[in-house]
Amino acid sequence: MPLVVVPVRYPLTTDSKRTLREAIRIADERDASLTVLHIDLYQDSHNVTRVDLKRSVEQEFGSIDNARYVVRKGFLVEESILEEVAAENADVVVIGSRQAGRWRRTLRKIFSDPDIDSFLRDALDCTVITVGS
């Protein structure tokens, strides 16, 4: 079964809700599993739990078939997302346009011409869908 991963903030922001709505649509369209991912940063941890994340998403969108809720601890959001995408062998990653901008800035520090879509496609063999605001 294909897998769609969608990183979100907690509590859900307007951008996170928009991105999640699109990820749910894509997962339904592709008959895919959905992983809703939140990175709880070590440096300003809010001790978000998987139950917190699930409850928040279900309050907004109702119960989602084939959904899995994951909270990971990390120092860098972008790196933690990449690790999760790679570990789960995701087929599709749905990110908000603001997240895409942060990834570009992070990759710019490493590469001269960061193209997040190409980077993820080449490095992780997945499709990246950016949801605009």
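Which residues does T19 touch, not counting residues up to four places away in sequence? The list is V6, V94, I95, G96 and V131, where contact means heavy atoms within 4.5 Å.

What you see is a predicted model, in which local features need pLDDT of at least 70 and side-chain atom pairs count only at pLDDT 80 or more, while totals for chains, interfaces and linings use all residues. Residues are numbered from 1 along each chain as its sequence is written, and side-chain values use heavy atoms, with hydrogens and water left out.

First, the chain as a whole. The protein chain holds 5 helices and 5 strands; these are DSSP runs, numbered from the N terminus, with helices being H or I of at least four residues and strands E of at least two. Their order from the N terminus is β-α-β-α-β-α-β-α-α-β. Of the 133 residues in the protein chain, 41% are buried. Buried means under 20% relative accessible area, exposed means over 50%, and partly exposed is in between, with a 1.4 Å probe and protein chains only. The accessible surface of the protein chain is about 7400 Å², and carbon and sulfur atoms account for 44% of that surface. These areas come from the Shrake-Rupley method with a 1.4 Å probe, and for residues only the protein chains shown count as cover. If we take the contacts between residues at least 6 apart in sequence, 71% join residues at least 24 apart.

T19 lies in helix α1 and is buried, with a relative accessible area of 4%. T19 and T130 are separated by 111 residues in sequence, yet their C-alpha atoms are 8.2 Å apart in space.

Now helix α2, residues 50–61. Its 12 residues should span 16 Å at 1.5 Å a residue, and the end C-alpha atoms are 16 Å apart, which agrees. The expected span is 1.5 Å times one less than the number of residues. Which residues of α2 are buried? They are L53, S56 and V57. These residues cover an arc of only 95 degrees around the axis, which puts them on the same side of α2; the arc is that of the directions from the helix axis to the C-beta atoms. An α-helix has 3.6 residues a turn, so residues three or four places apart point the same way. On the other side of α2, R55 and Q59 are exposed.

What do the buried residues of α2 pack against? Their partners are α1 (14–29), β2 (33–41) and β3 (67–74). S56 itself has a relative accessible area of 14%, and S56 touches Y10 and L12, leaving out residues up to four places away in sequence. P11 sits in the loop between β1 (3–7) and α1.

Next, α1 against α2. The axes of α1 and α2 come within 12 Å and cross at roughly 75 degrees. That makes α1 roughly perpendicular to α2. Axes here are lines fitted to C-alpha atoms, for helices over the stretch in contact, with angles from 0 to 180 degrees between N-to-C directions. Under 35 degrees counts as roughly parallel, over 145 as roughly antiparallel, 65 to 115 as roughly perpendicular, and the rest as oblique. K17, L20, R21 and I24 in α1 meet V57, E60 and F61 in α2.

Helix α3, residues 77–88, has 12 residues that should span 16 Å, and its end C-alpha atoms are 17 Å apart, which agrees. Its buried residues are E78, S80, I81, E84 and V85. Seen down the axis of α3, they fall within an arc of 165 degrees, so they line one face of the helix. S80, at 7% relative accessibility, counts as buried; S80 touches I39, K73, G74 and F75, again leaving out residues up to four places away in sequence.

Last, the positive phi values. N47 is not a glycine but has a positive phi of about 50 degrees; N47 lies in the loop between β2 and α2 and is exposed at 57% relative accessibility. N66, also not a glycine, has phi near 60 degrees. N66 is in the loop between α2 and β3 and is partly exposed, with a relative accessible area of 43%.
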